[in-house]
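Welcome! Please take a moment to look over the sequence and the structure shown here, and then read on for a short tour.

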Amino acid sequence: MLLLTHVRPDGDAIGSLLAMGRGLSKMGKKVWLCNEGPIPAIFRFLPGIEEIVSEPGDLSRYDTVVTLDCSDLSRLGGVAEKVGRVPTLINIDHHITNTGFGSHQLVDSSASSTGEILYRLFGDLGIEIDEPMAYAIYTAIFTDTGSFLFQNTNPESYYICGRMVEKGVDAYNVAQNLFATYSLGRLKLLNMVLETIQISRNGKLSVMYLTQDMLRETDTLVDDINGLVNYAKHIEDVQVAVLIQESRRMPGVNHGTHFHVSLRSNGPVDVGNIALAYGGGGHPGAAAFTARSGLAEIKQEVFRISESL
Ligand code: 5GP
Ligand code: MN
Ligand code: MN
């Protein structure tokens, strides 16, 4: 079986991949864990992280593919066009914008995270959650709920994380690894990005941007910067926060410069719907899309969103 998750993996993607991999191994399944990567350094503390490979090899080797935390097939990256040939494609996810792809679906948009769905699945299948799986599930829930700060946090999120702590997770250590350890470069990058903040005329939308030059100058990787967009969300009166990130050119892939546009909502606005209109997707509170025009045009387009707020 081949287990896949989305490009630019977050804690739910990585945690779900590791938990599912170990759970299926316990059932006697032979599994390969794959993500195009790079895997953000903050996840290196997770047990089993070294088992994730960046290349799935020949897909005819697999009878089953499981996708985790992917709302549509394109989220898989380059492997997306090949998975159609594998007989069984199981889609496990919690995005409300999930397209329902695959031969089997386990999609629940009321779950805080894919990790939460897996916890229930392991219970149904009678798979005992051991300490490495507990770290993976805890990380999935802890990151996708923004350490229990986001609106998707539900009683199950607290309950499951409590159980995971009982199984051996050192919650303080996880929090230190994920949210409290920064290199000096990361703080300098934060400083640069904060300098770019602009607010729409009606005060309801904030925009920041991050360029490849900023990453070079601070010797940081974009994959290691999580939660940056939230700074723009904390400004009073702002309902929608936007971070426009210039994406890295992949060696050997000629797709030109493009931008990843992250959207965060601070209340009633459904940014998942906005992202969907631009060909992306996500959740009501957190969503994103890819834009291929220049930075100035994208900023102009984003400010247009503020007119309807
Ligand atoms: P982020 O802004 O952190 O990259 O993404 C926010 C949310 O939107 C995440 O739940 C993520 O899974 C989803 N998302 C990010 N990029 C894309 C994209 O290109 N397409 C779709 N459909 N969803 C995305
Ligand atoms: Mn994710
Ligand atoms: Mn998720």
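## Around the ligand

Strand β12 gives the most to the shell around ligand 1, with 5 residues. This is a predicted model, so please read everything below with that in mind. β12 spans residues 286-291, and β11 spans residues 281-282; each of these strands supplies at least two residues of that shell. In total, 14 residues surround ligand 1, and the closest are S262, G280, G281, G282 and A288.

## Two helices side by side

Now turn to another part of the chain, where helix α1 covers residues 11-26 and helix α2 covers residues 114-125. Their axes come within 9 Å and cross at roughly 15°. Because angles under 35 degrees count as roughly parallel, α1 is roughly parallel to α2. The crossing of the two helices is left-handed.

Which residues of α1 meet α2? On the α1 side they are D12, G15, S16, A19, M20 and G23, and on the α2 side their partners are T114, G115, L118 and F122.

## Two sets of residues by class

Here is the make-up of each set.

## A feature from the record

UniProt, in an unreviewed entry, places the feature "domain: DDH" at residues 3-141. Over residues 3-141 the chain is 28% helix and 17% strand, and the end C-alpha atoms of this stretch are 19 Å apart.

How values were computed: Residues are numbered from 1 along each chain as its sequence is written. Chains are lettered from A and ligands numbered from 1 in the order in which they are written. This is a predicted model: local features need pLDDT of at least 70, side-chain atom pairs count only at pLDDT 80 or more; totals for chains, interfaces and linings use all residues. Axes are lines fitted to C-alpha atoms, for helices over the stretch in contact, and angles run from 0 to 180 degrees between N-to-C directions. Helices (H or I, at least four residues) and strands (E, at least two) are DSSP runs, numbered from the N terminus. Angles under 35 degrees count as roughly parallel, over 145 as roughly antiparallel, 65 to 115 as roughly perpendicular and the rest as oblique. A crossing is left-handed if the near helix is turned anticlockwise from the far one by less than a right angle, and right-handed if clockwise. Two residues are in contact if their C-beta atoms, placed from the backbone, lie within 7 Å. UniProt positions are given in the numbering used here, feature names are shortened, and annotations may be inferred rather than shown by experiment. A residue is near a molecule or strand if its C-beta atom, placed from the backbone, lies within 6 Å of it.
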